[in-house]
Amino acid sequence: MNALVTLLLASTIILNTNNSTMVLNAETGREAQILYYGAALGPNETAALEDAGFRASSLYPAFGLRGAAEPAVSMIQADGNLTLDLRVSEVSAQKWQNGEVLSITSCDPVCPVTVKNFFKTYEAENIIETWVEITNTGKKESTLTRYYSGHLPVRVGDVWLSTLYGTWANEGRVCEEPLARGLKLIKNMDGTRNSHTSHAEAMISLDGKPCENSGRVIGLALEWGGNYELRFQTNDSDFHHVFAGICPDNAPYTLAKGETFKSPALAYSYSGEGLSGVSRNFHRWGRKYRLAHGDIERKVLLNSWEGVYFDINEPGMDQMMGDIASMGGELFVMDDGWFGVKYPRKNDSSSLGDWEVDRTKLPGGIGALVKMADGHGIRFGIWIEPEMTNSVSELYEKHPEWVLKAPGRENVYGRGGTQLVLDMANPQVQDYVFGIVDGLLTQNPRIDYIKWDANMNISAYGSQYTKDQARLDVAYWDGFARTCDRIRAKYPDVTIQACASGGGRANWGVLPWFDEFWTSDNTDALQRIYMQWGTSYFFPAIAMASHISATPNHTVFRTTSLKFRCDVACSGRLGMEIQPKNMTDAEKDFCRKVIADYKGVRPVVQFGDIYRLTSPYDNKGFASMMYVTSEKDKAVFYWWKIANFYDQHFPRAVMAGLDPEKTYRVHELNRIDITPLPCEGKCFSGRFLMENGLDLPSSNNVDYNMKSDWSSRVLYLTVE
Ligand code: DGJ
């Protein structure tokens, strides 16, 4: 379908992507409406929507004049008027290389306000973004009390909601529930890490309990790193009303005369191919338009944190670099603990802000480490936490006015009993944060990777810089964006990981400056299957850092087999989080093989289309998923046993996303079995693999002393 925006009758607007259509009404002088969002429609079908009984709803409902429905926007005028009456005054559309940008301008006949609702189509990826600009056209201040990015009515039926919840070390967990009457509110008020306790994305399944590879699903993702709300409201009508935007609680947004508020974008995607279909759309769009370097393969790395924690020293770093290089890794990242002169960073209670190397630990400075990495034939990366300080730091001694703090109150401390959040709203802080990265990269241009951490929420809700305290969230994230823009303008090539106490920054509003995110501080392979499953709803494997770590696991103390840990880690952006010195030679040999195997399939994993198959949340005792190239000539299939009982009987491993007409040769990766699988090296049609599948043994065939209660398989499929 090529005509992207068609003005049918004067007032009907059709937005098309390859597989979806949105129909809006924008008649001059009337309220803008939305009539349809779903599978792609032809012109005749669009024209027949109203004959089929489809009814339009307000596109961007405003408070006060049309009954008690939830508004997307509300404001208080200078004269105290609480009501809004938005009537279309102008519609404009222009093309961009992959679609169209539409704006509908509405004005209020009584109050001085202009609201512009924008829609941007990404034709090939089946994404439609919406956002709003609200301008105070009056002579006096007015105040926005709700300012969501968008509103989507969803017809009542057997509609289910899938959202992601969690906490530190348990991020990205899936919650599935029927969308019931009443109000369902997902919100996050952390301030700095908005994907810890819940995510700013949701899937809405229209055909009953969500299925991975069938059924109509709408996905939505709010592109905002700060506080947000997803609001699902269902009164006694035919529609669920879905809203998403910045959380307006304690954040009335005052608009000066002539001032405009611009909301973050809200991205929608529709697929008739189930949850995985929506995920594929978001992954493709994210890799192409949002993620930094979404088209460049990520290096296999070793991160020092779980290996040595704060115990950083030059020989130790050299040893870790040598070990990861010998296993085929390509990058070493030195985590926390390398800095602080007056207050050396020995633990988490001091030094953030003093980004000067601790020469007692690292006499040769960063320069010596970069050279060591070069000597080992790998690249060097470094950890920083630039938005934070500790009260025990030279920075805080110099600039106590740079921390977030409520007027007239004492500091509220976070991690280590002394951590504080810097005020990113303050331009001096923005310069300082830019300077940290700039300093490191100017002095050490061969630094290849930065792990950018953020380990505290905004607990003292106040800025010593911003006069309007209610603007703090927006001002913080605007300052963050400005700083990151400057960093990226000067250092477009450096790889930057968004870490925030683990997975606190898996969000499409943050990722445009980042290459990836640290999925969770919990590296336990079993729990990672659940967390990575949920996280993959919206974020691709290339962005999802997934590391092989030691056992017993440092967070859950579970002991899993190395094979299982590797088979889980290599379903994301593979890395290691371990002290290699403590590994046996046999373990190192196995990891060397795993890394080599991963490098062979890395483009498939990192750029392929995801097909989640059997969900761990369905409690079937196993989980499986796969990545398939867009040409459908290569695929990587994963099967993990997640519950172990004697005499288990699992169904055959049925696949998806293959070309039924193509013939695929199967090769097991990360193999430990003494004897090959019966399917090893054999060929099967895509149709057979998708209809019948492969019978996989429920345990690995290894020597008695190697047996464990874990079992998993990774299969590589290539077209003959
Ligand atoms: C929290 C991160 O999630 C960890 O990976 C590690 O970098 C620590 N911070 C360091 O303090």
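This is a predicted model: local features need pLDDT of at least 70, side-chain atom pairs count only at pLDDT 80 or more; totals for chains, interfaces and linings use all residues.
User: Why is phenylalanine 63 called partly exposed?

Analyst: Its relative accessible area is 38%, and partly exposed covers what lies between the limit for buried, under 20%, and the limit for exposed, over 50%, so phenylalanine 63 is given the label in between. The residue sits in the loop between strand E5 (57-58) and strand E6 (73-76), and together with Ile76 and Leu82 it makes a nonpolar surface patch of about 240 Å².

User: What makes the contact between arginine 602 and glutamate 297 a salt bridge?

Analyst: The closest N and O atoms of the two residues are 2.9 Å apart, and the criterion asks for a side-chain nitrogen of Lys or Arg within 4 Å of a carboxyl oxygen of Asp or Glu, so the pair qualifies. Because arginine 602 lies in helix H11 (residues 585-607) and glutamate 297 in the loop between helix H2 (274-290) and strand E23 (301-303), the bridge ties together parts 305 residues apart in sequence.

User: How do you know whether arginine 602 and glutamate 297 are buried or partly exposed?

Analyst: Arginine 602 has a relative accessible area of 8%, which falls under the 20% limit, so it is buried; glutamate 297, at 34%, lies between 20% and 50% and therefore counts as partly exposed.

User: What makes glutamate 212 and arginine 612 a salt bridge between distant parts of the chain?

Analyst: Their closest N and O atoms are 3.0 Å apart, and the cut-off is 4 Å, so the pair meets it. Glutamate 212 is in the loop between strand E16 (198-205) and strand E17 (217-222), whereas arginine 612 is in strand E33 (residues 609-614), 400 residues apart; both are buried.

How values were computed:
Residues are numbered from 1 along each chain as its sequence is written. Side-chain values use heavy atoms; hydrogens and water are left out. Patches are made of residues with over 30% relative accessible area and no salt bridge: like charges are joined within 9 Å, nonpolar side chains (Val, Leu, Ile, Met, Phe, Trp, Tyr) within 5 Å. Accessible areas come from the Shrake-Rupley method with a 1.4 Å probe; for residues, only the protein chains shown count as cover. Helices (H or I, at least four residues) and strands (E, at least two) are DSSP runs, numbered from the N terminus. Buried means under 20% relative accessible area, exposed over 50%, partly exposed in between (1.4 Å probe, protein chains only).
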